[in-house]
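Here are my notes on this model, point by point. Please read them with the structure open.

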Amino acid sequence: MNELKLSKLEDYLSGKVTYVPRDILQGMDLVMKENPSRHRISIDRHFYSSSFNVEDDFKHGVAAYRGFQSTLRPTSQGLALCLDSSVLAFRKPLAVMDFLKENIPEFDGMYLGLSSRRRVAHALKGLTVRVTHRVTKQRFTIAGLTAKNTRDLWFDFVDPKGRDPTVNVSLVQYLRHKYGKDIVYQDIPCLILGRNNRTSHVPMEFCILSVGQRYRKELLDEVSQDKYDAKCLAWPPERRKTICEMMQAYDGPCGDVTQNFGLRIDKNMTSVEGRVISPPDLNLGAPDGTVDIVRVENEKCQWDIAENSVVEGKQIERWALIDFSSSDSSRAKDFIKNLRNRSRSLGIYMDEPLLCHFTGMREFSSINRLEGLLRSVVEEATRKNPNRLQIIICVMAEKHHGYKYLKFVSETRIGVVTQCCLSNHAFRGDEKFLGNLCLKINAKLGGSNVELTQPLANFEEEDHVMFIGADVNHPVSKKSTTPSIAAVVSTVNWPAVNRYAARVRPQDHRTEKILEFGSMCRDLVNTYFQVNKVKPKKIVVFRDGVSDGQFDMVLNEELSDLKRSVSDDNYKPTITLVLAQKRHQTRLFLDNVLDGGPTGNVPPGTVVDTKIVHPFEFDFYLCSHYGRIGTSKAVRYCILWDENSLTSDELQKLIYSLCFTFARSTRPVSLVPPVYYADLVAYRGRIFQEVAKEFQFRSSFSSSSNCTAFDRSFYNLHPDLQNIMFFV
């Protein structure tokens with residue numbers, strides 16, 4: 001048994017020692033979670049109430065349960081408990097008979113026809129239950145229904161003591177004699193319950209669904225999904241009230257256990273002072289072709305593209321349209337006309353398409369079929385214009401799993417940019433939708449939608465600063481044959497810093513360290529040199545998805561790898577390393593809700609860098625976006641390394657200003673764009689991995705299929721797309 005000395009924690013909080021006493025923090029965290037773990041449903045570090053509110057009932061055996069996640073964090077004011085509320089859908093712990101009556105209206109327990117039997121089996125299979133005819137804490141999984149009804153089930157009873165001969169008894173008689181239970185519903189099947197490779201037959205009326213069985217949101221009907229989203233995206237006053245109630249609750253983190261350990265907890269929220277950074281001035285295009293300086297002063301920090309155009313619009317001379325939604329050319333002609341008019345108003349000039357191809361969604365069912373279609377379109381366009389096709393716009397009738405085939409083929413095999421949209425949006429002719437579509441197309445082809453007027457963080461124009469974003473996407477699958485996806489992006493222009501190149505690599509399963517970080521960054525530095533004829537003098541790296549316990553890994557391994565890979569005797573850029581954390585439990589609420597406008601959220605540009613930040617490390621919370629829905633969540637930025645000597649104010653202003661440069665938005669985004677783009681590229685890599693997985697499934701040779709998902713050829717971007725923003 002280890003003795004935890006709290007004096008080590010006091011030394012750390014006061015700055016006397018720099019190493020983190022993780023054993024003490026983990027021990028105290030366990031103490032704080034002991035009380036809710038006794039009374040609540042524990043799911044993935046969250047604790048949910050064992051009961052639900054009446055207004056949270058979705059019917060059909062499902063309800064929304066409210067809970068929280070908490071963690072202890074060292075701050076300037078001492079050890080702080082960070083707690084945030086959450087909502088999750090569970091199956092209600094109903095008796096199986098009641099569950100079926102909620103799910104299947106015609107079920108009355110008296111008789112099951114063939115179709116009703118199938119519906120009952122489908123509704124119950126895989127669920128876990130506990131039994132009521134005997135005392136046990138065991139849970140059993142429903143494997144199916146018995147072929148015969150309960151009254152017709154007989155089995156050979158073997159005397160466990162071996163005294164009496166084996167006799168054939170009915171299940172009805174056995175339960176009456178053994179447990180004194182009479183079966184009411186004898187004309188319906190029993191449940192086949194499985195546990196430890198053994199099965200047993202138990203009447204439905206003696207089974208109750210066990211608590212804590214999650215229900216996937218995607219399976220909810222449309223009305224229930226809307227209700228679920230509304231509960232998850234609670235407005236600030238409601239979320240604040242919920243958090244305070246959970247702190248006071250008997251099954252919350254402040255129970256008897258914490259008192260037994262002598263811990264005193266202030267259950268009131270911490271009051272902090274924040275600042276609001278003023279938004280940057282922006283460069284947008286003017287109707288006469290010049291550049292307008294736009295001052296963003298409204299509470300949403302939003303600029304209107306209806307009054308301005310993009311800074312640099314690409315000339316789109318060679319493009320094609322594939323309409324997967326119909327063979328009605330008149331609708332496509334109207335869409336083309338509306339799109340060209342909208343793009344012209346934004347300073348993006350589109351010629352008529354070289355060709356329009358009409359087909360159906362059946363093309364998405366096969367990757368070979370889709371590749372053949374795309375190649376034939378490219379070849380036909382080449383016959384009309386020998387120069388390479390710039391983009392293919394794909395109008396889809398609906399969302400389809402074959403979307404991944406389209407992106408894989410176009411971005412790794414053919415090398416042509418694609419832009420997808422749904423027909424119900426495209427053919428409606430909505431100006432806002434068409435405007436957003438044009439912004440994405442222009443960014444993908446190398447145009448510039450918006451630029452900052454002032455230099456970033458007092459950098460000089462001759463400094464040539466490159467911004468890098470890095471992230472790792474981990475698979476949901478626990479199979480070690482499924483790789484994690486590492487993505488690194490970087491700016492390739494200065495001082496506008498709004499064009500990016502991307503690199504993506506598969507790596508070992510659920511490995512957070514980017515194994516080829518140095519080589520990927522070296523490749524991007526060389527790309528910067530090819531574009532600008534000079535290497536960047538300064539590099540600012542934004543790393544996403546890293547927990548506090550992995551800071552040392554990023555600093556000692558990834559940063560060292562970066563320095564070794566890009567530096568030599570003649571080139572040594574200065575580097576700043578910033579971590580962006582989204583997965584934390586800190587929420588910022590206004591003391592006066594009226595200060596936040598109609599939503600009650602903190603305004604864009606809100607920064608907090610006192611009291612709730614680390615006692616001696618360099619970190620702060622920045623809420624850069626306007627919270628239109630639910631409660632805004634600030635991003636925590638931690639600066640691990642800074643050779644560029646940036647002050648706190650300069651770095652906060654730099655990050656906030658960068659949030660205005662996201663290519664497909666007309667308001668500041670919630671996350672600094674290099675990281676946002678790295679997330680998008682990592683997700684694109686996950687799409688490539690899913691295609692590789694299908695190739696693996698089809699492969700008949702196990703020796704080759706085991707490494708298919710790690711085969712880099714599936715992730716190599718076509719050379720024509722490597723250095724453009726195909727991913728926005």
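1. The second largest pocket holds about 1,400 Å³ of space. A pocket here is an open set of points on a 1 Å grid over the protein atoms alone, with protein on both sides within 12 Å along at least five of seven lines; a cavity is a set where a 1.4 Å probe fits but cannot get out; lining residues have an atom within 4 Å of a point. Points are joined across faces, edges and corners, and a volume is the space filled by probe spheres set on them. This is a predicted model, in which local features need pLDDT of at least 70 and side-chain atom pairs count only at pLDDT 80 or more, while totals for chains, interfaces and linings use all residues. Numbering runs from 1 along each chain as its sequence is written, and side-chain values use heavy atoms, with hydrogens and water left out.

2. Which residues lie nearest the centre of the second largest pocket? They are Gln77, Asn268, Met269, Thr270 and Ile612, out of 46 lining residues. Strand 5 gives the most to this lining, six residues. Helix 2 (22–39), strand 4 (62–75), strand 5 (78–91), helix 7 (236–248), strand 13 (275–276) and strand 26 (606–608) each supply at least two. Helices (H or I, at least four residues) and strands (E, at least two) are DSSP runs, numbered from the N terminus. By class, the lining has 24 nonpolar, 12 polar and 10 charged residues. Nonpolar covers Ala, Val, Leu, Ile, Met, Phe, Trp, Tyr, Cys and Pro; charged covers Asp, Glu, Lys and Arg; the others, Gly among them, are polar.

3. Helix 2 deserves a look. Its 18 residues should span 26 Å at 1.5 Å a residue, and its end C-alpha atoms are 26 Å apart, which agrees. The expected span is 1.5 Å times one less than the number of residues. Helix 2 has a kink of about 40° at Lys33, shortly before the proline Pro36. The bend is the angle between axes fitted to the seven residues ending at a residue and the seven starting there. Buried residues of helix 2 include Ile24, Leu25, Met28, Met32, Lys33 and Pro36. Buried means under 20% relative accessible area, exposed over 50%, partly exposed in between (1.4 Å probe, protein chains only).

4. The structure holds 44 salt bridges, each a side-chain nitrogen of Lys or Arg within 4 Å of a carboxyl oxygen of Asp or Glu. Arg587 and Asp84 form one of them, at 2.8 Å from N to O. This pair links distant parts of the chain, 503 residues apart: Asp84 is in strand 5, and Arg587 is in the loop between strand 25 (574–581) and strand 26. Both Arg587 and Asp84 are buried.

5. Arg214 and Asp44 also meet in a salt bridge, at 3.1 Å from N to O. They are 170 residues apart, and both sit in loops. Arg214 is partly exposed at 47% relative accessible area, and Asp44 is exposed at 58%.

6. Glu371 and Arg413 pair at 2.7 Å, N to O. Glu371 lies in helix 10 (367–384) and Arg413 in helix 11 (403–414), so the bridge ties together parts 42 residues apart in sequence. Glu371 is buried, at 13%; Arg413 is partly exposed, at 30%. Elsewhere, salt bridges that share partners join Asp57, Lys59, Lys92 and Glu102 into one network.

7. Check the backbone too. Most residues other than glycine have a negative phi, and most peptide bonds are trans. Lys59 has a positive phi of about 65° and lies in strand 3 (57–59). His464 has a positive phi near 50°; His464 is buried, at 17% relative accessibility. The peptide bond from Trp494 to Pro495 is cis, with omega near 10°. Pro495 sits in the loop between strand 22 and strand 23 (500–507).

8. How many cavities of 30 Å³ or more does the structure hold? It holds three. The largest cavity has a volume of about 50 Å³. Its lining divides into five nonpolar, five polar and no charged residues. Among them are Ala443, Asn449, Phe662 and Met725.
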